[in-house]
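Visitor: I have a structure to get through this afternoon. Walk me through it, please, and I will ask as we go.

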Amino acid sequence: MKQVYVFLLLLQSIILVGQNQPGAGNWQAQGQSITGKITGRILDNQQTPISYATIVLLDSASNQQITGNITDDDGKFKLENVKTGTYKLHISFLGYIEKEMANLELTLEKPDLDIGEIILDQDHVTLAEVTVTEEAPLIEMKIDKVVYNADKDITNAGGDASDVLRKVPMLSVDLQGNVSLRGSQNIQILINGKPSGMFANGTADALKMIPADQIKNVEVITSPSAKYDGEGSGGIINIVTRKKQVQGYNASVNASVGTRQNNGNVGINAAKGRLGFNANAGFWHGWPADGDFKFIREDYSGNQIVSQYLQDGVTNNSRTGFFGKAGLNYDINAFHNISSSINFRGFGFNSNSEGTASFTSELAQALSELTNRNSDTKTLRSGFDWTTDYRRTFKQPEREFSLAFQMNGDISDLKSDIQSSSNSELLNFLEKQNNDGKNNEYTIQADYVHPFTKSLKMEIGGKSILRRIDSDYQFEQFNQENKQYQIDPSRTNLFNYEQDVYAGYASFNVKLPLGIDLIAGARYEHTSITGDFNANEGAFSNEYSNLLPSVIISKKTNQFSSIKVSYNQRIQRPSLFYINPYRNDNDRRNVSQGNPQLEPENVHQVDLSYNTFVKGLVLSGSIYYKNTQDLIETVVRIDEQGVANSEYQNIGRDNSIGFNLFASKTIQKSWTVRGNFNMYTYNAESTLADYDLSNDGIQFNFFASTSLDLKKGWKAEAFGFYKAPERTLQGEKTSFWMTSVGIQKELWNKRGSIGLNMIDPFSQNKLFRTELRGADFYQTSDFHMPFRSVGVNFRYTFGKLDFKAKPSRSKIKNNDQKAGEDNQQGGGVQSGNN
C-alpha cells in the first residue's frame, strides 16, 4: 500500500501545481472591447443531462455562425470570448427535436449570460393525460462507454439476452451464447451495475435466463478506470433492466409466442412520497429441438494414422426458466437514501441423446470397439442476489459517500443417466453421475467522491469479497450381481474452495486547459485462496497481490469531435466454471474437467479512439493493443489409451492488435442505418514446457441494422450479423451468422403494441463446426440444429405515472472473475447439449 500512497500523493501534487497555471478561458476587460460568455445546461424531459449536444451561436441580424461547442457529461456548455451584441442559440442532438433561442443579449454592463436549464424534447413525444412516452437513440456514443438502448429495438421481442448482445457495437455472441468484446471473452458482465452469481457457472446459460423484453439498455466499457474491479481484462458489459421511478403506479404485461421460444412476464412500479417499490416476475420455455452431430478424431504417430474415433447421433434439447425481482427505495431526506433489492432465477435444461461410436487402434495390440450410448442429462441452476445500499449526498454538488452490502447464492445440480453397450467390457455399463455445486459470495464496499474544485475530483474506496464454493460430485455404477447402483469411491469427492479479495483504489478526475480531461488512478488488490478435497486431501493455498494503474486522457478537438487515449492493467481470475475438478467422462474417450490450480490472467491494454458527429452521421473508431500473460485456454491431450483429456491451463501469452469502427446515420428523421466492424489479430504461443503450440491470424465480425418509422404507430427493423472463425492455440471454432426482421404496431395511445419477428427467415438449419489440432491428433465436430424462428409478441401497460429521474443503482460491481463459456468439445453424444 505504500507504493499506492506515494503514487497518489505525487499525482495530486502534479495536478494541484497544474491548477495554478493560467487557463485559456481567462478573459480581460479592456474598455469597450470587453468580451463575455454564455453558459447553460441541456436536459431531456426526465431531467437527465444530454452530453455531446451541439451548441451553435448565430448573429441575430446576419444569421452567421459566431462560435459553437458541445455539452459535457453533465449536459453543461460554455461559449467564451463572445462580443457584446444580440444572438440566437441553436441546440441539436441526434434523436431530439432541435431548439432555437432568440434575442440573447450581451451588454457592457452584463457581458455574461447564464441561460439555465434548457429542455430538449425527443423526436417522438406523445402527451396524453399525464403519461409521457419517449424515444431515445438506439445507440449512444459517450466518452466512457457505448450504450445500446435495447428497449427501442423491436426485433428483440421474444428473445433472450444473448440475442440482445449480438446487436451491441464491439460485441459478438456465438451459437452457444459465449460473449466476446473486441475478440476477448475475458469480460465481466454486470446486472444493473452489480455482479450476479448467475454467471459463476458460465455465461451462455446465464444469458438465456434473462428475457430480452426485460432489458432496457446495455453499456459497454472498454477502458475501465481504477474504481472498477481489476477483473474483466477484455472490458465490462452492464445489462440494465427495465425499472422506473414514479409517483403513482404502473403495471405491464408482456407475452411472446414463437416456434422456438415463448415467454411472459408481469411487472409493477409504484411510489408514494419518498418511498418507491418495483417488482417483476416471469417465465420462459423453449420448445424441444432436435439436432444431429458427427465427430471424427485421428491420432498420429509421425505421419501415420494409428487410431481413429468416429461418432454420430441425434439429440433432443429443451429449456425452461423463471425469474423475479423486487426492490424498495426510500429517501430519508434530501441527502440520505437507502435502497434494497432482491432477485431470484431458475434455469432447467434437459438433453436426451442417442449415438453410436467406433474406435480402432493399431497401437500395441489391435483394438476395434463398437458402442451404442444413450444419455439423459438434467441440469437445474437457481440462485438469488440481495443488495442493500446507503447513499449520502451533500450540498456540495457531486460530493457523495456510499456504503453497500451484497449477498449472492447459486446452486447448480447436474444429473446424468448413461447406458452404454459395447463389444468392449469396459464400455458396457449403466451409470449415474451427479454434480451439486454451491457458490456463495459476500461483498461489502465503501466509496467516497470529493470534488475539490470544478476541475478536480477525487474518488476513493475499499472493497472486500468473500467467496465460498463447493462442488460435490458422485458416480454410481449398476452392479449386475445385486441389481443395485453402487458408489464408485475412486471418482467421488467433495471439493471446497475459498477465495477472498481485498481491494482499495484512488482515482482523480481532472479538467485541464485546452479542453483536455484526465482520469488517473490506481487500484491495489490482494487475493487469498485455499482449497481442499474431502478429508483434507490435496489441500492447497495461494496468495498474490496486484497494483493496477489506469490512465484515460480525452480531448475535444472541436465542438463536434473528441479523441481519447487510455492505458490500463487488469487481471482475470478464473470462476467456478474453470476450476471445478468434476470429471465429465460420459464419453469415456472424450473426458473434460476444470483446474483448481489456475492462476489469473494478467493484461496490459492501450486504446486510442476518436468520436465525431457530422450532419447526422455518428462515427466512432478505435485502435487498440492488448498483451495477455498466463492466457487461460482449453488444452486437449491424447493419452496412450487413445483418450482425449481436456483441461484448462495457463497455457501461454497472446499479443493482439485491433481496430473497431461504428457508424450511424439518420435520414429524413424516420430512417436510421447503422453498422459496426471489428477486426483484430490472434497471435498466441504456449510458454509451458510440456506444450509446443502457436497460432496466429486475423479475426473479424460485423453487423448492420436499420430501423424505419412508418408513421401511424408502425415501425420496422432489420438486423444482420457475421462472426468469422475464432482461433485458439489448437484450432478454430466455426463462423456464425444470423439475420432478423421485425414489424410492430403501437396500440391504445402507445400503451400497448403487437409485433411479428422472424430470425433467419432464409435459413432453416445451421451447421456449426469446430476443428482442433495437436502434435499427435486432428479432430472435427459438426452439429446441426434448427434455427429459423417466427414469433408474435404483445405488450400492454396501464396506470398513471409522474416520472422522475432518481438513480438507485448499487455501487457494488464485482467485475473480477473470468466467466465461463460453453463447455462443449463437440465430441461424443454430449456435443448435443447445445
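Visitor: Which residue stands opposite L767?

Guide: H784 in strand 44 stands opposite L767. Before more of this: the model is predicted, so to speak of local features a pLDDT of at least 70 is needed, side-chain atom pairs count only at pLDDT 80 or more, and totals for chains, interfaces and linings use all residues. Residues are numbered from 1 along each chain as its sequence is written, and side-chain values use heavy atoms, with hydrogens and water left out.

Visitor: Fine. How many bridges join strand 43 to strand 44?

Guide: Strand 43 and strand 44 (residues 777-786) run antiparallel and are joined by 10 bridges. A hairpin of two residues connects strand 43 to strand 44. For the terms, strands (E, at least two residues) and helices (H or I, at least four) are DSSP runs numbered from the N terminus, and two strands pair if DSSP finds at least two bridges between them.

Visitor: And which strand pairs with strand 43 over three bridges?

Guide: That is strand 40 (residues 731-733), antiparallel to strand 43 (residues 765-774). G731 has L772 in strand 43 as its bridge partner.

Visitor: How do strand 1 and strand 4 run?

Guide: Antiparallel, with six bridges between strand 1 (residues 35-43) and strand 4. The bridge partner of I38 is L79 in strand 4.

Visitor: Is D112 buried, exposed or partly exposed?

Guide: D112, in strand 7, is partly exposed because its relative accessible area is 36%. Buried means under 20%, exposed over 50%, and partly exposed lies in between (1.4 Å probe, protein chains only). The C-alpha atoms of D112 and E80 are 9.2 Å apart, although 32 residues separate D112 from E80 along the chain.

Visitor: What about the four-stranded open sheet: which order?

Guide: 3-2-5-6, with antiparallel pairing. Strand 3 (65-70) and strand 6 (99-106) are at the edges with a single partner strand each, so one side of each has no neighbour in the sheet. On average, neighbouring strands of this sheet are turned by 20° against each other, direction ignored. Strand 2 (residues 54-59) and strand 5 (residues 85-92) pair over six bridges, and D59 stands opposite Y87 in strand 5.

Visitor: Aromatics next. How many aromatic pairs are in the whole structure?

Guide: The search finds 20. In Y578 and Y648 the ring centres are 4.6 Å apart and the planes at 65°, so this pair is edge-to-face. Y578 is in helix 4 (residues 576-579) and Y648 in strand 35 (residues 644-667), so the pair links distant parts of the chain, 70 residues apart. Y578 counts as buried because its relative accessibility is 1%, and Y648 counts as buried at 4%.

Visitor: What kind of pair do F736 and F787 form?

Guide: Edge-to-face, at 5.9 Å centre to centre and 85° between the planes. F736 lies in strand 41 (residues 736-747) and F787 in the loop between strand 44 and strand 45 (789-798), 51 residues apart. Both count as buried: F736 at 2% relative accessibility and F787 at 14%.

Visitor: What are the cut-offs for ring pairs?

Guide: Rings of Phe, Tyr and Trp (its six-membered ring) pair if their centres lie within 6.5 Å; planes under 30 degrees apart are stacked, over 60 edge-to-face, the rest tilted.

Visitor: Which residues do ring pairs link into a cluster?

Guide: F495, Y497, F533 and F540.

Visitor: Last topic. Which residues line the second largest pocket?

Guide: E369, S424, L426, L427, R583, D585, R588, R589, V591, Q641 and V643. A pocket is an open set of points on a 1 Å grid over the protein atoms alone, where a 1.4 Å probe fits, with protein on both sides within 12 Å along at least five of seven lines; lining residues have an atom within 4 Å of a point.

Visitor: How does the lining divide into nonpolar, polar and charged?

Guide: Four nonpolar, two polar and five charged. Ala, Val, Leu, Ile, Met, Phe, Trp, Tyr, Cys and Pro count as nonpolar, Asp, Glu, Lys and Arg as charged, and the others, Gly among them, as polar.

Terms used: Axes are lines fitted to C-alpha atoms, for helices over the stretch in contact, and angles run from 0 to 180 degrees between N-to-C directions.
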